[in-house]
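Please keep the sequence and the coordinates at hand while reading.

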Amino acid sequence: MRSTALFLAVLIGVLLPATDAQAAQTATVVSPKRPLNVRAGSAVWTPQLRTLAHGSSVTIVCQVRGQRIDQGTVRVTDLWDRLGDGTYVSDAWIRRAQDVPLCEATATAAPASVAGTVASGGTPLKARSAPAHGAALIGAFANGTALTLACQVRGENITGAVRTTPMWNRLPSGAYVSDAYVRRGATPPPCAAAPPAAAPVAAAPAAAPPAATGRWVSPLPGFTARPGFRTPSNPKHLGVDIMSFTGTPIRAASAGTVVAVVCNIEAGYSCDRPGGASVGGCGWYVKLQHAGRVATLYCHMVRRPIVRPGQKVAAGQIIGYVGSSGNSSAPHLHFEVHLNAPPTGPYNAVDPLPFMRAHGAPID
Ligand SMILES: [Zn+2]
């Protein structure tokens, strides 16, 4: 991830014309409660690369459209600021003196990207993790919203207000919108095999994923997760921790199928006893596969989970109980969300906090 950012920084350094370098401006992070996340793309589900403290000074090169952020300190906006090293921060948290040009107007944007406009009538156009209506919902754009269409892939055939087509547009954030609802002048180029930047949601499956995404609920109702996904001090932490009490029921965050029930622990230790800070492994854990190629993981259970591989579970169904098995110093649930699963790995873990908020089940 760091090498990607470095590569982008070098690339932008090469491509950036002098005029845009002159247009770059210095601005200030306004985020007094918690550090501002710096991301690989223009949405909160793209990888977090680092953080910026309140009051930090940043250099903004240009802006791209992405996920609308309405809980910032400075403004409500779908604009994200591209920084000098090719990373992004939401403009909702940035105080600046002047307007910033859109990146499309500069040579740093994908050269062949095309401007488009959402033409969906009254309903907002859904942005998905893959080119199919059953893929995970990761945002929505109101009718009339201006879009930057990076490229197109073939996916599910959709009949919309503009045309009937199997083509889906990939946005700079890595999300997909059906071309059936997009008015545009030119046709975006086909997407290359490799996704842009490090967006984890960009690997499009050839076939349409299974049906609807369904309802999401907190895996531990009444308890709150603390931010902790890939923090600077723990960059390998792929989920968030929800502190609780031994024996509290853990619930499936959405309907799905149990794909793993595992005791994952360092040799010589037992998952049936509390582990410790120096013990390796996530203890007794369950992995669920959901519609839309989303998978969730639940670690450190107190004893063998009460579900079996292959079993179907409903949203909110109890799958096991809180414990402290494995690499854990107090009873808690370690909760992970992976996109484009299977498989799951560090490459497709996303921060569960914005994901759960976006799916109507905030856990923070
Ligand atoms: Zn954890």
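Donors are N, O and S atoms within 2.8 Å of the metal, and since water is not among the atoms, a site may look incomplete. In this predicted model, the donor residues of the zinc ion follow the spacing H-x3-D-x92-H in sequence. His237 lies in the loop between strand 16 (225–226) and strand 17 (240–243), whereas His334 belongs to strand 24 (residues 332–338), so the pair ties together parts that are 97 residues apart in sequence. The zinc ion is coordinated by NE2 of His237, OD of Asp241 and ND1 of His334, at 2.0 to 2.1 Å.

Both histidines can be judged by the cut-off for burial, which is under 20% relative accessible area: His237 counts as buried at 12%, and His334 counts as buried at 7%.

The loop between strand 24 and strand 25 (349–350) holds Pro342, and Pro343 has its place in that loop as well. Asn340 also lies in the loop between strand 24 and strand 25, and at 8% relative accessibility Asn340 counts as buried. His300, by contrast, is located in strand 21 (residues 294–301) and is buried, with a relative accessible area of 4%.

| Item | Feature | Angle |
|---|---|---|
| Ala341 to Pro342 | cis peptide bond | omega near -5 degrees |
| Pro342 to Pro343 | cis peptide bond | omega near -5 degrees |
| His300 | positive phi, not a glycine | about 75 degrees |
| Asn340 | positive phi, not a glycine | near 55 degrees |

Notes
Residues numbered from 1 in each chain as written. Predicted model: local features only at pLDDT ≥ 70, side-chain atom pairs only at ≥ 80, totals over all residues. Heavy atoms only, no water. Donors = N, O, S within 2.8 Å, 3.2 Å for Na, K, Ca; no water. Helix = DSSP H or I, 4+ residues; strand = E, 2+ residues; numbered from the N terminus. Buried < 20%, exposed > 50% of the residue type's maximum accessible area, 1.4 Å probe, protein only.
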